[in-house]
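Hi everyone, thanks for coming.

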Amino acid sequence: MSSLNERERHLSMLRAAIPYASPQSRRAMEIILQADTLINLATSRPEPELSSCGLEAAETNNAIADPLSNAEALLMHIREFCTPKESETIQVILNFIHADRLFKNYKDFANAHPDMVKAAEVPSGSSSNSSSPNTSSNVMMEFLMSQLNPEQKTAFEQLQNIMYN
């Protein structure tokens, strides 16, 4: 323990001497201090203040709860540094992630509202334009609209108005 205190005392003296050293010596002293900082960073454990705030636990819980959301966030952040071809590949991966999330949401919706899904099913013997197209369209449209964010809803409604009016 005393060797650690001795080292800290020497480093403190070195820090105090920097303003009085020649430029060549100052550079060497700064490198020594930065090397010590790097060694301390590599050998130390995470700061207790951060873990007490629950940051590590929140990150771990998010990774366990939905690993795709972490992957999605990672891809979104690195996309801005990618070439156009890499960015296109990342967009395809993000589209798969979004499609997977939509499918899971639909399965949850179908499990929560089995009567609505059964009403939306078209009987196998009839054509798609028969009996109750409004019922099936409305249920599915309601579900799909619930999956869109407000901007997407507005854009979709504008396109719908253009196509059907």
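**Contacts along the chain**

Contact here means heavy atoms within 4.5 Å. Before I go on, this is a predicted model, where local features need pLDDT of at least 70 and side-chain atom pairs count only at pLDDT 80 or more, while totals for chains, interfaces and linings use all residues. Residues are numbered from 1 along each chain as its sequence is written, and side-chain values use heavy atoms, with hydrogens and water left out.

What's the secondary structure? The chain has nine helices and zero strands, where helices (H or I, at least four residues) and strands (E, at least two) are DSSP runs, numbered from the N terminus.

Now the surface. The chain's accessible surface is about 13,100 Å², and 60% of that belongs to carbon and sulfur atoms; these areas come from the Shrake-Rupley method with a 1.4 Å probe, and for residues only the protein chains shown count as cover. Of the 165 residues, 12% are buried. Buried means under 20% relative accessible area, exposed means over 50%, and partly exposed is in between (1.4 Å probe, protein chains only).

On to the largest nonpolar core, which has six residues: L11, L14, I18, A21, M29 and L33. Helices α1 (2-17) and α2 (23-43) each supply at least two of this core's residues. By a nonpolar core I mean a set of buried Ala, Val, Leu, Ile, Met, Phe, Trp, Tyr and Cys residues joined through side-chain atoms within 4.5 Å. Leaving out residues up to four places away in sequence, L14 touches M29, I32 and L33.

Which residues does D36 touch, not counting residues up to four places away in sequence? They're R7 and L11. D36 sits in helix α2, and D36 counts as buried because its relative accessibility is 8%.

Next up is E72, in helix α5 (residues 67-79). E72 has a relative accessible area of 15%, so it's buried. Apart from neighbours within four places in sequence, E72 contacts L94, I97, H98 and R101.

Then there's F109, in helix α6 (residues 84-112). With a relative accessible area of 14%, F109 is buried too. F109 and F143 are 34 residues apart in sequence, and their C-alpha atoms are 7.8 Å apart in space.

Last stop, the pocket. Its lining, for the largest pocket, is L102, N105, L144, Q147, L148, N149 and Q152. That lining splits into three nonpolar, four polar and no charged residues; Ala, Val, Leu, Ile, Met, Phe, Trp, Tyr, Cys and Pro count as nonpolar, Asp, Glu, Lys and Arg as charged, and the others, Gly among them, as polar. A pocket, on a 1 Å grid over the protein atoms alone, is an open set of points where a 1.4 Å probe fits, with protein on both sides within 12 Å along at least five of seven lines, and lining residues have an atom within 4 Å of a point.
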